[in-house]
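Subject: Handover of a structure, with notes on what was found

Dear colleague,

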Amino acid sequence: MSREKEKGRRKKTVMAKSSQLHIAMFPWFSFGHMIPYLHLSNELSERGHKITLFLPRKAQSNLQPLNSHPHLVTFHPLIVPRVDGLPSGTETASDIDRSFTHLLAIALDRTSDQVSVSELGIKSVYYSAVCAASVAHLPIQLRDVSVSPPGYPSSTVVLRRHEVQLMDFIFMPFGEGITFQHRPGSL
């Protein structure tokens, strides 16, 4: 190989390494959220990025078989703190009845000392594993669902009344002093 080609190859390798990111992900403690985050992590790692997923300890063993790139996607174990009223040993939404979800949100919030990525200079991005139609309707009250929100791009891709009834939790407490509806804006 000529000296110029070798120099160009080395420069390309250095450029590729400098464009690689270290991404930290902190999903909601539900497999319906953790699995899409892991799928996204697998996709990003195929592009050479390193991913750290912050997960409850018990969830890691269930998710490990889905990790396509364990050399780039690492699981950082979280100790889910005890919260009054939350059944002992709870780590994911699968461990509890839906009526305890707000307490699991408090536990998730209380892991913040274990997830101090801002100190590492990592920027935050909000990624949602929830249907876009649901997110578009978050700002409106349940009684107004027959009309799409202003600027909503479709009159056919909308929530049906029974889907809206399943979303009543968005106006309920979801953590300490916050509702699910206001959570994304608080990040």
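A residue is called buried when its relative accessible area is under 20%, exposed when that value is over 50%, and partly exposed in between. By this reading, 35% of the 187 residues of the chain count as buried. Please keep in mind throughout that this is a predicted model.

The overall build comes before the details. The chain holds seven helices and three strands, and, read from the N terminus, these elements follow one another as α-β-α-β-α-β-α-α-α-α. Among contacts between residues at least 6 apart in sequence, 57% join residues that are at least 24 apart. The accessible surface of the chain amounts to about 12,000 Å², and carbon and sulfur atoms account for 56% of that surface.

Next come the charged pairs. Side chains of opposite charge can pair when their charged atoms come close. How many salt bridges does the structure hold? There are three salt bridges, and I take them one by one.

One of them joins R110 and E176, whose closest N and O atoms are 2.7 Å apart. R110 sits in the loop between α4 and α5 (132-137), while E176 belongs to the loop between α6 (161-165) and α7 (183-186), so this pair ties together parts of the chain that are 66 residues apart in sequence. R110 has a relative accessibility of 38% and therefore counts as partly exposed, whereas E176, at 52%, is exposed.

Another links D95 with K58, with 3.9 Å between the closest N and O atoms. Because D95 lies in the loop between β3 (73-78) and α4 (101-109) and K58 in helix α3 (residues 57-63), the pair ties together parts that are 37 residues apart in sequence. Both partners are partly exposed, D95 with a relative accessible area of 37% and K58 with one of 43%.

In the remaining salt bridge, the side chains of E43 and R47 meet at 3.6 Å, N to O. E43 is partly exposed at 41%, and R47, at 55% relative accessibility, counts as exposed.

The aromatic rings are the other topic. What is the count of aromatic pairs? The count comes to three aromatic pairs. In one of them, the ring centres of F26 and F54 lie 6.4 Å apart and the planes stand at 85°, so the pair is edge-to-face, a term that applies to planes over 60 degrees apart. This pair links distant parts of the chain, since F26 is in the loop between β1 (22-25) and α2 (31-46) and F54 is in strand β2 (residues 50-56), 28 residues away. F26 is partly exposed at 30% relative accessibility, while F54 is buried, with a relative accessible area of 7%.

W28 and F174 form an aromatic pair that is tilted, with 5.1 Å from centre to centre and 45° between the planes. Here too distant parts of the chain are linked, with W28 in the loop between β1 and α2 and F174 in the loop between α6 and α7, 146 residues apart. Both W28 and F174 are buried. Ring pairs also bring F26, F29 and F54 together in a cluster.

With kind regards

Conventions
Residues numbered from 1 in each chain as written. Predicted model: local features only at pLDDT ≥ 70, side-chain atom pairs only at ≥ 80, totals over all residues. Heavy atoms only, no water. Salt bridge = Lys/Arg side-chain N within 4 Å of Asp/Glu carboxyl O. Buried < 20%, exposed > 50% of the residue type's maximum accessible area, 1.4 Å probe, protein only. Helix = DSSP H or I, 4+ residues; strand = E, 2+ residues; numbered from the N terminus. Phe/Tyr/Trp six-rings, centres within 6.5 Å; stacked < 30°, edge-to-face > 60°. Contact = heavy atoms within 4.5 Å. Areas by Shrake-Rupley, 256 points an atom, 1.4 Å probe, with all protein chains shown as cover.
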